[in-house]
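Here is a short report on helix packing and chain contacts. The sequence and structure come first.

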Amino acid sequence: MNDHITGAMLDQYSTGGGTAVWAVEAHLERCALCRERLSAAVAKRSPATTALVARVQAALAGEVIRSPRMPARRLPGWVCRWAPPELWPWLTMTMLVLAAALGLDLVDSTRVVPSLVLLVAPVAPLLGVAAAWSGGLDTAHELVVASPRAGLNLVLRRTLVVLLVVVPALAAAGWLAGVSAAAWLLPCLAFTAGALALGELIGLRRAAGVLALAWTVGVITPSMLSARIPLLLEPVSLPYWAGLVAVIAVALVARRDAFTGWRSDKWFVR
Amino acid sequence: MVRTVSTAETEPANYGWVIQAQGLRVRAGRRMAVDGLDLSMDTGVHGLLGPNGAGKTTLIRSIATVLRPAAGSLTLLGQTLGGRMDLRGLRRQIGYLPQEFGFYRQFTMREFIEYIAWLKEMPTAEIPGAVQRAIDRVGLTDRADHRMKTLSGGMVRRAGIAQAIVNDPQILLLDEPTAGLDPDQRLQFRALLRELGTDTCVLVSTHLVEDVAAACTDVVLINAGRLIFQGVPADLAAAAGDKTGDGDSAAERGYSAIMRRHREKEA
Amino acid sequence: MRRIARGDQRAFDELYRRTSPWLAVRLRRRCGDDDVVAEVMQETYLAVWRAAAAFAGASVGGSAVGWLWTIAARRLIDAFRRRARDAQAPLSALLAPAASAAEDVVLDAELGDVMGAALGQVAPELRQVLQAMVLDGLTVRETAVLLGVPEGTVKTRARRARIALREALS
């Protein structure tokens, strides 16, 4: 009802009787004026309620002074939901590796060997991605995996945070080392998506480890030894990388149930 | 607050038992930790007892829908787990405290439990009230805004219980919840368990026979992945017969008597 | 709420002054034992005081005091559960469900409270279930605890109430 409750009805409601209780209570939830009027009616007509209110107030007065209060929030709520704090140590480690690669590049200004930053770039996010969803690196993993929200969306959310931290850092390091971002961006995305897709099959930590190892042994080491930029990172390969990303993305979505965490223990990474 | 009630909510329950396992076999590592288990549980507090390696944790993990069974059937709230099913609705009704309770050390207790509440897809407006209620129920009100890393072992465990009950689940799984609690806290915990048992199906896995005897409405003994006894605590104590065997209390004597008989039978 | 979060005790007293009579009346209509009502109110306001920053931050929804009722209702359910645990009689049994007199039904209809009039024609135990679930926002399990009846009974009564309401409204 758009108008307010009549005084008579309020009086009846305050003493425990009353008609139209449904509408009265629904209205009272919305209307501060009628609550004030109800307070007045209670004071007049229901001594039991008044006594109760006073009694609780007295009890509260003592408790409130002694009671610990919640301090103001350190971080807004959404920060906690997007980036659990366990990711940060691993991201820091990634940054250190990048800094080391950059340092070596700057020392080697004559470009005897290909830029380390370029070689490391595709696998740089993998440590953070592994930490986003693995029993060893995420301490609360058991609880996360058992929760309703577990699934591809949550994994992607955390992966996005990793990328948002790692990719700009790579871009900065690349700029300092004289490497263009176009060269490594697509391979980087392909490896991230590939780790997720492979992780659906064998567990994310293993997948990240396998891919990082394969890249190091198969591409970085030969490239350093032969002092040539690997074919896979040449501009001509870029369209293939783009195609790979698309294919992996489709495979990822097709098997997304794997990330809801209901798996037999063989592949369950603790 | 006024809300709408869906038709689905008032449909009559189509299941007899809240948790029902038939011929359940679950692998843990290389061996079959749960090996042909038949178990039915309804509302109340069920104490899960058994020696180390009996498969208690594996059973709890499979009910928490973390581990997929290798064979057999597991039915929770009338839904049989299997194939490609959407576990989200079911998981919203489950609360779980793992044996190795991992948490985010940098978070305050309130932030951590709020994060878990968000993971459990609780409506955002309800989260602060539910978190405060859970913290009050486990008795950690004055530590609510301290960081998790500053808490003692017993408090961490109680925070774990709080995150399990924050969404007022219908199925509550507690794996070794009393580890690290002093006797006074254990008493409070037992009172909380009895309160929860009035309308929730609680499964408590523990080594302490006394906890089970005091707070549980039902005792489940498993060994080597199979059920060897299920009954009320009085039956457990009665199983000792008149022998004064090992154990300081009737429940402990009953427990060792049953275990001994079972081993003799298996041998 | 933000002022309370910053520790302004006067703001908290003001909140108490404005809302406690309403909350007390509403709680007393659901629970016959004043000691329990006092306990629930104390817990509710203490929770508000302690976690004010959290409540201020989250969106509290359209109703200005609905969230306060949600906290109080849940604490009431906890108190009822504790009594059930200690095998005491459920507290709602102390209240006789008010049967609407015929004149009340007419009055409701005159006021334009169609819902209330329709409810007046429905049997009291069915009305109680609807009130608990729709008006108070409780789930089936919580309603079962509040009224001291099994969950199956709550569901059956809710279904019958819905049918009866539909008939009364048509």
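At what angle do helix α4 (residues 109-119) of chain B and helix α5 (residues 127-137) of chain B pack, and how far apart are their axes?

## Helix packing in chain B

The angle is about 120 degrees, and the axes of α4(B) and α5(B) lie 10 Å apart. Axes are lines fitted to C-alpha atoms, for helices over the stretch in contact, with angles from 0 to 180 degrees between N-to-C directions. Helices are DSSP runs (H or I, at least four residues), as are strands (E, at least two), numbered from the N terminus. The two helices are therefore oblique to each other (under 35 degrees is roughly parallel, over 145 roughly antiparallel, 65 to 115 roughly perpendicular, the rest oblique).

From α4(B), the contact (C-beta atoms, placed from the backbone, within 7 Å) uses residues including B:Ile113 and B:Trp118. From α5(B), B:Val131 and B:Ala134 are among them. The contact residues divide into nine nonpolar, no polar and two charged. Ala, Val, Leu, Ile, Met, Phe, Trp, Tyr, Cys and Pro count as nonpolar, Asp, Glu, Lys and Arg as charged, and the others, Gly among them, as polar.

## Chain B against chain A

Chain B places 34 residues in contact with 28 of chain A. α4(B) gives the most to the chain B side, with six residues. That side has 18 nonpolar, four polar and 12 charged residues.

## Chain C against chain A

Here 43 residues of chain C meet 36 of chain A. α2(C) gives the most to the chain C side, with 11 residues. That side has 25 nonpolar, nine polar and nine charged residues.

## Model and numbering

This is a predicted model: local features need pLDDT of at least 70, side-chain atom pairs count only at pLDDT 80 or more, and totals for chains, interfaces and linings use all residues. Residues are numbered from 1 along each chain as its sequence is written, while chains are lettered from A and ligands numbered from 1 in the order in which they are written.

Note on methods. Contact = placed C-beta atoms within 7 Å.
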